[in-house]
Every structure is written in structure tokens, then in C-alpha cells.
Amino acid sequence: MEELIQLTKKGLYCARGDFYIDPWQPVETAVITHGHSDHARTGSKQYHASASCVPLLRHRLGPIHVESHEWGKPFQLSETKVSFHPAGHILGSAQVRVEHNGNVWVMSGDYKRTPDASCEPFEVVPCDVFISEATFALPVYSWEPGEVTAKKIFNWLHQDRTRPSIVFCYALGKAQRILAEMKRYTDETVYLHGSMAELTKLYRNHGIPMLPTELVADLPKDFDFSGKLILAPPSAHRSVWMKRFKEPQTAFASGWMQIRGARRRGGYEKGFVLSDHADWRELIQTINETKAKKIYLTHGREDVLARYLREKGLEVELLRTEYEGEQE
Amino acid sequence: MKAFTRLFDELDSTTSTLEKVAALKRYFKQATTDDSLWAVLLLTQKISRRVITSATLKKIFLTATEYPEWLMTESYEQVGDTAETVALLLRSLGYARPDTKESETESSLTEWMTNRIPQLANFQTLEEQGDVLLSWWKDLSADEIFILNKLMTGGFRVGVSDKLVIRALSELFEVPSDRVAHRLTGVKNASDITFSEIISKEEITTASNQPYPFCLAHSWASRVDQDWSSEDWCVEWKYDGIRSQIIARDQQLWIWSRGEQDISNSFPDLLKLFEPLRTLNDGTVIDGEVLIVKDGHIESFQELQKRLGRKKPSPAVMKENPVGFVAYDCLEFEGQDLRELPLQDRRKYLKRALKNFKTEQIKISEAHEVKNLDELEKLRSQSRENSAEGLMIKHWHSPYTVGRKTGSWWKHKIDPLTLDAVLIYAQAGTGRRANLYTDYTFALWTEDKDGKRTLVPFAKAYSGLDQAEIDELDKWIRRHTREKFGPVRSLEAQQVFEIGFEGVLRSSRHKSGLAVRFPRILRWRHDKKPEDADSLETAEALL
Ligand SMILES: [Zn+2]
């Protein structure tokens, strides 16, 4: 079978279609899976992305040439037929399906199967070759539905309403997911760190129902945050920005929080297990459902997943990409 | 199990003292007295029962679930704890009960501690134990499985001090905390006490070998009030031995260490020295320090260590390392509890209790009169010559309080010895630090006949850096590894650290020929180059 997509210095390259998927260096044509910074990089001449990804991409990369595509609607790039399919990772996140002469490859980008109220659900795309991420490819990682985790956050917030409650999480995807999943339990206003303002607005424009928000920076200096929920990126932890909260209780929302040691190491009091990547079972389930004959694995614990799949008789190869998955 | 797991989770996920106490009170409010007793004993680590080892737990899990061993090993390396790895894998396999589902056979903590867990020891084969465990695991959530695994392997720990547990009990049941603390002292088993006895408002006569909770001191450096008046303070040498109470009651003698261990059996010679106390009226309790005293000279802690852990020391060992005692305080005399009296009065009783003692091995701690703070510092600087590790500074009017209460007892230790050493090896920590390089080996320079300088390992240290530094160093270690030997990485010799320690001794077991006591990292010397680090000769000069 022809190698439709190959690893080059600039990224994953499709020669038949003369385009790159999520390149890490500037190229002529870049097909983008989603808006996270390790996948969407600046400097390319022409971008292609899913319609719901485009506003996020513009926000992140500034003025770019980008063509917007509907879900599942194929478009021609040179000799190949390309289409976007939801990956369930963040809003607008896509798997890229590439077809040439009946040979079908799917690059998953980052993905998950756990239901998420803030983005389009994952869709299985049958293919010959599947390129999968492996961020959480260890069997100790298994996620609960977002609504269960949201309930835990809600309970934690209510257990002590004498202190401000700060949940640290990534500004794109995770913050909006919390705002959307928590809507089942409350209608209280959540207070945001500045870095989350614009991204949250873009989610709202897209029609994702979320809790009302206000910016911490917009409030008077003496505003009392006791009993309030505040969302901030991990970089704000132990920064000067924290000074305005009196004795806050702190938590980190991430898949890494599954392991007690990781939580302690981060210096957070509480950990909420909330991931935008597939857990061990979802990875294996997805790989099986695509019915792919060959699997390429990228970033994460691809070594462990590769051994497991090979022992099950699958053909697996590793790809050394520069994607980072979810940072600890 | 559900309520106890919840308590564990609440204690584990807050750093606020108030919230910890609140969580404890919530638990004790709803728990049965039996469960409360077990919870107290487990939280204060008075008991830990290991019915199986972690290695056995792993084997049982692998056998019962036919799990691939390599995959378990990969998982363990990420998690760093067998009990937790097994819990997470069981959840991933779908064996654990989902958090959202209620348990069908919820058993109390008491049932687990008195029936189920001990029962496991009756099964001989891994298969049988696996069958039993699997049936338990299936009705527990992953968090509960983690707690059960910890209880079975004797590794249950939680971030709460004895003091907070006592405070919660005292506040909830309105009993003075001193009383609760006293009742818990020396308890080793659930059969030693009942929960009602712990929280009883009445005075209950405790077992005759019961020690009093030890009064502890704060660090002098943390003192706010800086004036000094010579008649207020009793200044004594702070010795580095085993802080202990000699208890004479009912015509019997015991020695209890501060670690709440009955160490009478290890020191039959000391019991013999205290023989005159036994025949004194009613009860006498003396607080002091067990030390090795040879020809009137107090030996180092290393000498004392040779006597520790020996159940029945041989006559040769006793002769080689003769035990002695420096008495600090008298807590009970003629059956009267003296702890509320001021120190100056208790010292009088101490003299009375020991007045007929003719032996060189037992002394009353000398009280120095110190006129001002300069004199205090001068005296402190003479600690090493006097076999002491610093000074104890006690207010003459102070009662003997429970634990570490502020204000009247201070310790003022000598500054540690320090050397600048180069980091040469790193090893991953254990438990919660399993995926971080936190165990370090440091080296000093030595010069051979041809003047060639090499680094010789000198001390291992685990503590002293803050979390940010540990993370930074961990990153540096990963990028500057020269070689890996199993879990150990040898590193490029670049980073210099100031290492503090309490003393240096000759040792043939170490490559450097030296052994250091209590080494710890004082500072990361970013300002120093490896060639600026100290040499072995400098260390030898400290012998
Ligand atoms: Zn991503």
C-alpha cells in the first residue's frame, strides 16, 4: 500500500495532495486538526480547517488565509480527496480523512470519546491506516463522564463557601467544558482569568450553552470572591495574579490528576480528573472500530500502546511528531 | 468503608487545618463508637497491620485478573504505588464498582479491621487469596479499593497530625485535649482502650505503665519576643539521645520513649540503675534522655544506635556501650501528677526523687544561669564540646504541657556543619515522588598523588529543596544524564549544593572513608562552579 502520509522535517506530509497536516514549520498548504498551539502554528500560506475551528484559529494566528469546511464534506487537494470529521477533543477539533485511489488514511489529531457538552462528538471514520495520538495510553487512565466530574467540582465549591475556589485548567477547551458541564447544576456566575475571555466568547458565539462569566480584572479591587468559582490557566498558579484572592482553595482539572502523585507534585489541594484526550479504553476501542490495517502512533505513551496492540496482532509503527498532548 | 474513604479524601484534598478538623468532626459525628476507635487508631498511626506485602498484592492481582505483567509494571512506574496502581487497573478493567453506584454489601470499618482483613491470612495460596480479594474488590469503588489495599499492606497514611485528630475529638465531645492526648499515649491496640474511654468527661485511671504525653519545644529562631531576663529562664544542654520517661508504679519499672515505645527490654541495665525508684512510694515519673555514658563522658548517638532495636542486649554489648540517663523533669511524685506545677518546683521534686542515687550514670540536667543573649550564644557555641546538640531554654514558671505549645519551652540548636558539594547521581523517589528525581548523591573533591582531582561520593540527601526547585532540578537531571544504571542516573558534574549535617564520622563502608549524620540540602548554590566545591580534606578536618 502506498504511504499516503509521511513524516518530514516540517511535519506530516501528503505528497499526492501536496499539503501538510498540523505542520510545525511554515508551509504552502496546512490542513489543521484543531486550535491548540502544538497543532496550529503560524506562518503557512494557506490553511484549511473545520468551520467551527476557523474562529479559534483566527484568534490564535491572527490574519491568515483560511478555507472553512463543513463536517464530512470532501474537498479536492491536488490528487486527493480530503474531509474533516469531529474528533471530540475541543470545539471544531477534527480528524482529517485523506483518500487517494481508494486508499484511505485518517489522522486523528487529538481526540476523545467521553461525552463533552462543549464540542461536537467524535465520529468513527473507517480507514486503511489510522494515525492516533497516545497521550494517556496507560491503563491507569480511565475517565468518568464530564457530568460526574462537574458534579464533583460543584460539591467541592459548595463544601466551603467561605473561601474563593480556583480551578486551574487550560484556557482553550477545558475552561469552556467546565462552564458547559456545570450548567446542569447551577446558574451562578463564574469568574475568569483574562486569558480565557476571548476564547470563551468564541464558544458562546458558536452557541455553546455555558454558565455566565465575568472577568476577574473587570471587578473592583475589594470584590469578595468567597464562595465563588474562578477559572485560571495553570501559569497563574502561585503568580502575582493570585494575590487578590484571600486563602483560596485550589484545584487542577486535567487527566493527569488521575494519579495522586501528580496532584501532589503540582501543589494543588484537589485534583479533578478531566481530560480532552482519549483514555486507554477509548484509544483501543477507537483503533478497533476504524478497522484500520495499520496504525501509526504519535505523542504520549505510544511505546506502551504499540506493544499492547502488536501483542493483539495489529501492525503498528511509531511517528516522532512534535505534538505535545496535554501538559502536566 | 464508604464514610472512612470519604474522610480520607477530604483530609487529603485540603491544606486548611480548619477544614481538616471539620471533616474529622463530620466523620466522628456519624460513625459508630467502634468505627470511631479504628479511625482514631489508623489516623494517628497507632496501629498498622500488614497481612500481605505490596509484592504479594501485585502477584494476587496478576493471578486473579490474568493481567499482563509488563503492562502492570509500566503502570506502576507511572503511579509509583502498588496499592494505587491495583485500584486504578481494577477500575480500568471494569471490576471496581462505579462511583455512581451504591454498594450492595457495605461493611463497616470495624468489620474490615477485625474480621475481613485478618481473615486473609488464613488463606494459604495466592489463588485462594485472589478469589477472596476479587469478591471484595468487585463491590468497592476504586477509591475504596485504594484504602483497602493500603490497610492490607500496612501502608495507610494520611495528611493529618495526631494533634488535629485530638483537637477534633476534644471540640466535638467537649473533653480537654490534654486528657484525650494522655489517654491515647502508649495505645498500641484496639483492645487497649475503648472509644468511650478516649472521649469520657470523667477522669479514668489509666493503665499503670502509661506515660504522659511529652512536652515539646519550639525552635528559638521562631521566638518573637526577644528580651531576656536571667531569672526567668532555665538553660540546659540539649542532648541527642532517646527522650524517654522512666515510670515507676505498682512496684514496677518501665522506660517509654517519645516514639511511644516501651523500650524497657532494650535497656535492662538502665532498669537496674533505677531500681531505687521502684520501691519509692506509689508512682514516680521522670522525663529525661537515655544516652550512652562511658567513664562519665556522653557518647554520640551513633554509639546509642548500637543498643537500639536489640531486644535482649548481651552482657558484652552492655559493657561496651553502658547506658546512662540525664534527668530533665519530674512529672509524678508519690502518685501525684505534678505537671501543673512550675518547672522550678518540679525540679525540687526531681532532686528528691533522685537524691539517693549514687551512680555516675544518672545525672540531673545542669541548669545554667545565663545573664544575657550574648552569653546564651556563647554557651551555645560550646555545645559540641559538651556532647550536646544545642540548648534547651525553659521558663522557670512553665507547666509541663502536652505537645508543642507556644511560649515557654524553646530549643536552640547549634548551626549545622556545612560543605559545598557537587551533585553526581540522582534516583527517582518512592511513593508520591516516584516519577521525580528526588534522591541525590553529592560528592567532594579529592586529589591523588599526581595532583589529579576527582569527585568522591560523600553524602546522600533527600530533603531541603522546595517544590519549584525539585521540579527545576528534575528537568535538569533528565537533560544532563551521562549514564543510567537501573533507577540511578549519573549526571554531568555541574550543580553545587550547600549540604548541612550534624557530624562526620570515620566509616570503612563508605568510599570517602567518612559517614555524615543527618545530611540535608541547605541551598542550591547557583553562584558556584563545580570546581569551587569543597574537598574531602575539608570534611576530614571536621572529624
Ligand atoms: Zn489538543
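1. Basis. This is a predicted model, in which local features need pLDDT of at least 70 and side-chain atom pairs count only at pLDDT 80 or more, while totals for chains, interfaces and linings use all residues. Residues are numbered from 1 along each chain as its sequence is written, chains are lettered from A and ligands numbered from 1 in the order in which they are written, and side-chain values use heavy atoms, with hydrogens and water left out.

2. Extent of the interface. Chain A brings 29 residues to the contact and chain B brings 31 residues; contact means heavy atoms within 4.5 Å. The two chains bury about 2800 Å² between them, and carbon and sulfur atoms give 47% of this area. Buried area is the accessible area (1.4 Å probe) that two parts lose on being put together, summed over both.

3. Six salt bridges are found between chain A and chain B, a salt bridge being a side-chain nitrogen of Lys or Arg within 4 Å of a carboxyl oxygen of Asp or Glu. One of them pairs K270(A) with D9(B), with 3.3 Å between the closest N and O atoms.

4. The chain A side. Helix 2 (146-159), helix 5 (260-266), helix 6 (280-289) and helix 7 (302-311) of chain A each supply at least two residues to the side that touches chain B. Helices (H or I, at least four residues) and strands (E, at least two) are DSSP runs, numbered from the N terminus. Helix 5 of chain A gives the most, with five residues. By class, this side of chain A has ten nonpolar, five polar and 14 charged residues. Ala, Val, Leu, Ile, Met, Phe, Trp, Tyr, Cys and Pro count as nonpolar, Asp, Glu, Lys and Arg as charged, and the others, Gly among them, as polar.

5. Sheet in chain A. An open sheet of six strands runs in the order 1-2-3-4-5-6, with mixed pairing; two strands pair if DSSP finds at least two bridges between them. Strand 1 (6-8) and strand 6 (65-69) of chain A are at the edges with a single partner strand each, so one side of each has no neighbour in the sheet. Strands 2 and 3 of chain A run antiparallel and are joined by three bridges. L12(A) stands opposite I21(A) of strand 3.

6. Salt bridges overall. The whole structure has 53 salt bridges over all chains. R16(A) and E2(A) form a salt bridge at 2.7 Å, N to O. R16(A) is in the loop between strands 2 and 3 of chain A and E2(A) in the segment before strand 1, so the pair ties together parts 14 residues apart in sequence.
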